[in-house]
Amino acid sequence: MPLTPFHLGPAVLLGNLATRRLDLPALCLGSVVIDVRAVLVIFGPLEPPIHGPLTTLPGGAGVAAAVTIAVLAGYELAGPTIERYGLDIRWSRSSVAAGALVGAWSHVVLDAMLYADARPLAPLAWNPLLGLLSPTVVYAGCVLAGGVGIGLYERS
C-alpha cells in the first residue's frame, strides 16, 4: 500500500473488536512501522525492492518483537502520569505482544495481496496471496474497516 495510512483501518477495527486481547497502540504501530523500509527505498539510501525482508511473516515477527519492547517501555515510562491523572488504560504484556504481532502480520498479508515483490513466506519466493483480491477491494476494505473501527471506538 502507498506507505502506511491504509494499514491503520484494519488495525483500528481489530483493536476495537478485541480490546482486551489486542493492545490498540501496539496494533497500530505494528501495522505501520514495516513501511519504514519502503520509505528508505523511496526517499533514501536503500535499494529496491520496496517490499524486502520486513514484509515477510518472519520479518513481521521480528518487527512485532521490537514494537512490543518499545510499547512496553512506553507504558512503563508513562505509568506515573497515567496514575496521576487517573486514566483508565489497561494493558498486559500478552495484549501488547499480540497486538504488535497481529498488526505486523496484517501488514504483511495486505501487501502480499497487492505487490509482486512481496514474499510473505520467505525464504520461499512463492506468494500465494498475490491477486487474491483486486487492489480496489483491498483498499476499499481498509477504508471501510477504519470507518467501522472508529465508529466502534466512539460508541465505547
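Trainee: Let me start with one residue. Which residues does Ala26 touch, not counting residues up to four places away in sequence?

Mentor: Ala26 touches Val67, Val71, Val96, Gly99 and Ala100 once those sequence neighbours are set aside. Keep in mind as we go that this is a predicted model.

Trainee: Where is Ala26 placed, and is Ala26 buried or exposed?

Mentor: For burial, look at the relative accessible area: a residue under 20% counts as buried. Ala26 sits in helix α2, which covers residues 24-32. Its relative accessible area is 0%, so Ala26 is buried.

Trainee: How far apart are Ala26 and Ala64, in sequence and in space?

Mentor: Those are two separate distances. Along the chain, Ala26 and Ala64 are 38 residues apart, while their C-alpha atoms are 8.5 Å apart in space.

Trainee: Now for whole helices. At what angle do α2 and α5 pack?

Mentor: To describe a pair of helices, give the distance between their axes, the angle and the handedness. The axes of α2 and α5 are 7 Å apart, and the packing angle is about 30°. Angles under 35 degrees count as roughly parallel, so α2 is roughly parallel to α5. Their crossing is right-handed.

Trainee: Which residues of α2 and α5 meet?

Mentor: From α2 come Ala26, Leu27, Gly30, Ser31 and Val32. They meet Val96, Gly99, Ala100, Val102, Gly103, Ala104, Ser106 and His107 of α5.

Trainee: Let me try another pair. How do the axes of α4 and α5 cross?

Mentor: Those axes come within 8 Å and cross at roughly 140°. Roughly antiparallel would need an angle over 145 degrees, so α4 and α5 are oblique to each other. This crossing is right-handed. On the α4 side, the contact is made by Leu57, Gly60, Ala61, Ala64, Val67, Thr68, Val71, Leu72 and Tyr75. On the α5 side, the residues include Arg93, Val96, Ala97 and Trp105.

Trainee: Could we zoom in on Thr68? With which residues is Thr68 in contact, leaving aside neighbours within four places in sequence?

Mentor: Thr68 lies in helix α4, and its contacts of that kind are Val96, Ala97 and Ala100. With 13% relative accessibility, Thr68 counts as buried.

Trainee: What about Val63: buried or exposed?

Mentor: Val63 is buried, at a relative accessible area of 11%. Like before, we then ask about its place and its partners. Val63 is in helix α4 and touches Val33, Ile34 and Leu54, not counting residues up to four places away in sequence. Val63 and Trp105 are 42 residues apart in sequence, with 9.5 Å from C-alpha to C-alpha.

Trainee: Where is Thr56 found?

Mentor: Thr56 is in the loop between α3 and α4. Apart from residues up to four places away in sequence, Thr56 touches Val108, Arg119, Pro120 and Ala122.

Trainee: How do I check the length of a helix, say α6?

Mentor: Compare the expected span with the distance between the end C-alpha atoms. For the 21 residues of α6 (residues 135-155), 1.5 Å a residue gives 30 Å, and the ends are 30 Å apart, which agrees.

Trainee: Which residues of α6 are buried?

Mentor: They are Val138, Cys142, Ala145, Gly146 and Gly149. Viewed down the axis of α6, they fall within an arc of 100°, so they line one face of the helix. These buried residues pack against α1 (5-17) and α5 (93-114). Turned away from the buried side is a face with the exposed residues Thr136, Val143, Leu144, Glu154 and Arg155.

Trainee: And which residues of α3 are buried?

Mentor: Arg37, Ala38 and Val41 are the buried residues of α3. They cover an arc of only 100° around the axis, which puts them on the same side of α3.

Definitions and conventions
Residues are numbered from 1 along each chain as its sequence is written. This is a predicted model: local features need pLDDT of at least 70, side-chain atom pairs count only at pLDDT 80 or more; totals for chains, interfaces and linings use all residues. Side-chain values use heavy atoms; hydrogens and water are left out. Helices (H or I, at least four residues) and strands (E, at least two) are DSSP runs, numbered from the N terminus. The expected span of a helix is 1.5 Å times one less than its number of residues. Buried means under 20% relative accessible area, exposed over 50%, partly exposed in between (1.4 Å probe, protein chains only). The arc is that of the directions from the helix axis to the C-beta atoms. Contact means heavy atoms within 4.5 Å. Axes are lines fitted to C-alpha atoms, for helices over the stretch in contact, and angles run from 0 to 180 degrees between N-to-C directions. Angles under 35 degrees count as roughly parallel, over 145 as roughly antiparallel, 65 to 115 as roughly perpendicular and the rest as oblique. A crossing is left-handed if the near helix is turned anticlockwise from the far one by less than a right angle, and right-handed if clockwise.
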